[in-house]
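This report describes the strand arrangement of one model and the surroundings of selected residues. The sequence and the structure are shown first.

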Amino acid sequence: MRDGGPSDVWAEGDAYERYMGRWSRRVAEVFVARLGEPAGLCWLDVGCGTGALTGAVASRCRPRTVLGLDRSGEFVRAARSAAVPGPARFAVADASALPLRDAVCDAVVSGLALNFLEPPGTAVAEAARVVRPGGLVAAYVWDYADGMALLRRFWDAATALDPAAAALDEGRRFTLCRPGPLRGLWSGAGLVDVTVAPIEVPTVFGRFEDLWEPFLSGQGPAPGYVATLTPGARDRLRGRLAASLPVRPDGSVALAARAWAARGRRPAGAER
């Protein structure tokens, strides 16, 4: 699924869980709780990754069905092996060409995937196609520009040592990490009653190594960048990042993460 640019490698489920999955699950719980949809609906999770959002829908929304789709077969295998409650199913599929008929879902959601889909407008248009008239289309993305403190600290340290790293910074590359472009994407797909709101969650690391080690996995833009460095350059980056962090007396590092959540509905009576 998420192979949208330089150094973007998302394939191994366990590595993703250590890097972002643990925080994406917290955002998914808040996101789903805010949707307020009734029980008994047919849900679709586009770009489901390792199943964080699918699992939140299954456990909180009492769905009739919930299907998670992702382009990565490894992520789909990881999602299937997770303890996802309820009637959840997973399959490999491309968000730009959903293998579903028109208007067959009551709600289509997506978590942290849109910035890695090319072009994202096609994926949102596909979501609008498969949702019924009056149905919900909603998604959330990290605020890479300002609100995802883990990555902001990382890229600030990386670019201080290597100005060329700025070209890989998600905050520069991904325009959808801000409310305005998200709102425009939803409206451009013909959705109405569009809103965009923040979701903030704490990201507390027990010690610095708990924060740093996932950057060594090669999974995602920042770890992909780390994988290109020589051992000496990697050590310098590690030291600069460590020096920039607010470390508590017990050695823990307390940061925060913000995501932007967009939602809208296919117009009632709309047919395709």
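Ser 110 has Ala 139, in β5, as its bridge partner. The two strands involved, β4 and β5 (residues 131–142), pair in the parallel sense over six bridges; strands are said to pair if DSSP finds at least two bridges between them. Helices (H or I, at least four residues) and strands (E, at least two) are DSSP runs, numbered from the N terminus. Together with helix α4 (residues 120–130), β4 and β5 make a right-handed β-α-β unit; right-handed here means that, with the strands pointing away from the viewer, the path from the first strand over the helix to the second runs clockwise.

Strand β4 (residues 105–111) has seven of its seven residues buried, so it is largely enclosed by the rest of the structure. Buried denotes under 20% relative accessible area, exposed over 50%, and partly exposed in between (1.4 Å probe, protein chains only).

## Basis of the model

The model is predicted: local features need pLDDT of at least 70, side-chain atom pairs count only at pLDDT 80 or more, and totals for chains, interfaces and linings use all residues. Residues are numbered from 1 along each chain as its sequence is written, and side-chain values use heavy atoms, with hydrogens and water left out.

## The sheet as a whole

Seven strands form an open sheet of mixed pairing, in the order β3-β2-β1-β4-β5-β7-β6. Because β3 (88–92) and β6 (192–205) stand at the edges with a single partner strand each, one side of each is left without a neighbour in the sheet. From one strand to the next, the twist averages 20 degrees; axes are lines fitted to C-alpha atoms, and angles run from 0 to 180 degrees between N-to-C directions.

β1 pairs with β4 in the parallel sense over three bridges, and Leu 44 stands opposite Val 108 in β4. Strand β1 (residues 42–46) also pairs in the parallel sense with strand β2 (residues 65–70), over five bridges; there, Cys 42 stands opposite Thr 65.

## Cysteines

The structure holds zero disulfides, a disulfide being a pair of cysteine sulfur atoms within 2.5 Å. For Cys 105, the closest cysteine sulfur is that of Cys 42, at 7.0 Å, too far for a bond. Cys 105 is buried, with a relative accessible area of 7%, and Cys 177 is buried at 0%.

Pro 198 lies in strand β6 and is partly exposed, at 34% relative accessible area. Its contacts (heavy atoms within 4.5 Å) include Arg 34, Arg 258, Ala 259 and Trp 260, not counting residues up to four places away in sequence.
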